[in-house]
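Here is a short note to go with the model.

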Amino acid sequence: MNWLTNFVKPKIRAIVGKKDVPENLWSKCNGCGEMLFHRDLKDNLGVCNQCNQHHKISPVERFDSLFDNSEYELIETPKVISDPLKFRDTKKYTDRLKENRSKTGSTESIILAHGKVNKIKTVIASQNFSFMGGSLGMGTGESIINAANYCVKNNCVLIIIAAAGGARMQEGILSLMQLPRTIIAIDSLKQKKIPYISILTDPTTGGVTASYAMLGDISIAEPGALIGFAGPRVIENTIREKLPENFQQSEKLLQNGMLDMVIDRRELKETLGKIIKLITINNKNFDHT
Amino acid sequence: MNIILEFEKPIVELEGKLKELKHLVNSGDSKARIESSKLEKKIDTTLKEIYKKLTPWEKVLVARHPGRPHFLDYINGFIEDYIPLSGDRSFGEDTALIGGIGLFRGFSVVLIGNEKGHDTKTRLERNFGMAHPEGYRKASRLMNLANKFNLPVLTFVDTAGAYPGVEAEQRGQAEAIARCIESCINLKTPLISSIVGEGGSGGAMALAAGNKVIMLEHSIYSVISPEGCASILWRNSERSKDAAEALKLTSKDMLELNVVDKVVREPVGGAHRKPSEVINDLATVIEEQLIELNFAENKSYSDDRKEKFLAIGRITNQ
């Protein structure tokens with residue numbers, strides 16, 4: 001709201017309008033509090049220039065930044081039973097789904113795409129934290145199975161970019177079943193010695209870490225990402241002690257030997273390119289020309 | 001531990017009366033004899049009625065009842081020559097998730113299970129059945145042993161979940177669970193999982209990816225505890241009853257959702273009333289399932305297991 005919107009009469013407002021001026025030109029960095037211009041932030045892949053804070057970015061931004069020449073095609077997410085438990089908390093699960101679908105424009109908490117990374121055929125499955133906290137539901141699990149099947153069929157490297165609080169409670173036990181199901185999917189890559197690279201972003205916890213996210217042939221995390229099985233609040237409530245600072249941050253996990261590396265998002269494409277080339281070089285299923 | 005659940009109180013009252021009457025019967029009171037047999041019948045029908053109408057939340061309480069048989073009770077009940085095996089060979093020994101080898105109805109088997117303990121002392125020793133990463137790594141190790149020596153594996157699930165602690169996280173709780181599930185999936189011999197009390201979240205799933213999954217009638221199996229679910233979705237842990245209802249965590253629900261293959265009926269009044277009966281009944285069902293799996297070398301138990309889990313929740317051609 002500014003003086004114009006208050007002052008200008010409705011008819012004129014239609015002409016002056018706020019047409020192509022985006023709502024939030026500036027956003028506040030949740031790392032250092034600096035105001036960041038949205039285009040700068042976007043160009044910088046969501047990383048704060050001042051403090052290096054890695055903000056959450058969408059699957060599409062991931063695809064654009066990781067696939068060669070930003071060229072890729074989406075793989076359809078498979079259909080699953082909607083709301084198998086007829087779940088309702090303070091809201092109906094079906095309503096929550098509707099809201100999240102219209103908010104994000106996608107049907108599930110994960111999006112799949114295929115293209116090339118460093119000239120090698122690759123599938124990227126990217127979880128969307130904005131969609132019900134990225135939670136692992138039946139649709140998410142089935143998508144990961146789909147992605148693995150696509151990789152086996154078409155000889156592609158699999159990259160999963162995890163971002164989720166954990167399993168989707170609203171699907172009850174059927175969401176827990178996605179743990180073995182996604183592990184089976186990852187395991188199926190072995191038959192063709194297809195590499196699976198897991199990228200853990202902020203946050204990756206619960207059933208997601210207890211399944212595919214921690215099973216990468218190569219595990220990479222983004223700086224400052226919260227990664228763990230139990231969330232800090234649950235741990236604090238259980239042991240009733242103050243938790244050591246940042247003990248579930250990616251840098252600490254690296255120290256504890258749980259990850260291969262923690263790298264800056266802006267260097268991710270280059271690193272992935274090198275890894276994928278090195279690791280597939282002796283595999284005839286991959287074309288290196 | 002003599003714990004009385006809220007909804008069992010009418011029974012306890014009747015049982016108290018019965019005890020008094022029995023005294024009179026012993027002293028030769030013939031009227032008391034008639035009364036006591038009437039009362040016995042009444043207790044029986046009341047118990048049946050109460051247990052017929054258990055709400056999901058009440059089932060949670062029964063599933064957690066300390067008097068319920070635990071892993072070691074089952075071992076003592078139907079395993080001969082049990083040899084416990086310890087350690088994950090990389091960090092330590094977990095007392096909450098234990099295992100070994102033994103003889104089950106003529107089969108040499110590997111046994112793995114959560115042990116909660118039965119009184120304050122043993123419950124503390126067992127960390128209330130909540131395992132650390134070394135427990136899951138030991139379970140993986142024992143499954144490798146089963147692969148190598150061609151032994152079927154029996155798992156017994158009874159845990160609120162994996163232990164949420166600082167050290168557990170530092171040593172890779174999530175990775176240990178994921179690898180343990182992977183070990184279950186890739187096991188070349190038959191795997192029969194029995195959910196005998198609480199099947200809580202990933203910590204339970206780690207042992208539950210069996211060719212056959214059996215569940216005791218009043219056990220529960222859930223992605224999150226009702227308390228946890230209530231505090232996240234309702235933002236109020238007092239709403240656990242509603243969460244228990246919404247989560248669909250009873251054995252009946254599991255059969256309907258095709259998540260378990262077989263439910264073992266419990267004695268009226270729950271497993272804690274007649275532990276030995278439950279122990280025998282479970283043994284019978286495990287034996288049946290093991291025979292049905294027709295254990296032989298080189299059969300594709302791993303492939304069957306994968307197919308089974310991939311089919312769960314999937315839309316079949318309509």
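1. Conventions. This is a predicted model, in which local features need pLDDT of at least 70, side-chain atom pairs count only at pLDDT 80 or more, and totals for chains, interfaces and linings use all residues. Residues are numbered from 1 along each chain as its sequence is written, chains are lettered from A and ligands numbered from 1 in the order in which they are written, and side-chain values use heavy atoms, with hydrogens and water left out.

2. Total. Over all chains there are 38 salt bridges. The criterion is a side-chain nitrogen of Lys or Arg within 4 Å of a carboxyl oxygen of Asp or Glu.

3. A pair in chain A. R168(A) bridges to E108(A), with the closest N and O atoms 3.1 Å apart. R168(A) sits in the loop between β6 (157–164) and α7 (172–176), and E108(A) in the loop between α5 (93–104) and β4 (110–117), so the pair ties together parts 60 residues apart in sequence. Helices (H or I, at least four residues) and strands (E, at least two) are DSSP runs, numbered from the N terminus. Both R168(A) and E108(A) are buried. Buried means under 20% relative accessible area, exposed over 50%, partly exposed in between (1.4 Å probe, protein chains only).

4. A pair across chains. E142(A) and R314(B) form a salt bridge, the closest N and O atoms being 2.7 Å apart. The pair runs from helix α6 (residues 138–154) of chain A to the segment after α14 (301–311) of chain B. E142(A) is buried, at 8% relative accessibility. R314(B) is partly exposed, at 33%.

5. A pair between helices of chain B. E40(B) meets K22(B) in a salt bridge of 2.6 Å, N to O. E40(B) belongs to α2 (residues 30–52) and K22(B) to α1 (residues 9–26), 18 residues apart. E40(B) is partly exposed at 36%, and K22(B) is partly exposed at 33%.

6. A network. Shared partners join D187(A), K190(A), R137(B), E175(B), R179(B), E182(B) and K306(B) through salt bridges into one network.

7. Helix α1(B). Which residues of α1(B) are buried? They are I11(B), L14(B), L18(B), L21(B) and V25(B). Just after α1(B), G28(B) has a positive phi of about 95°.
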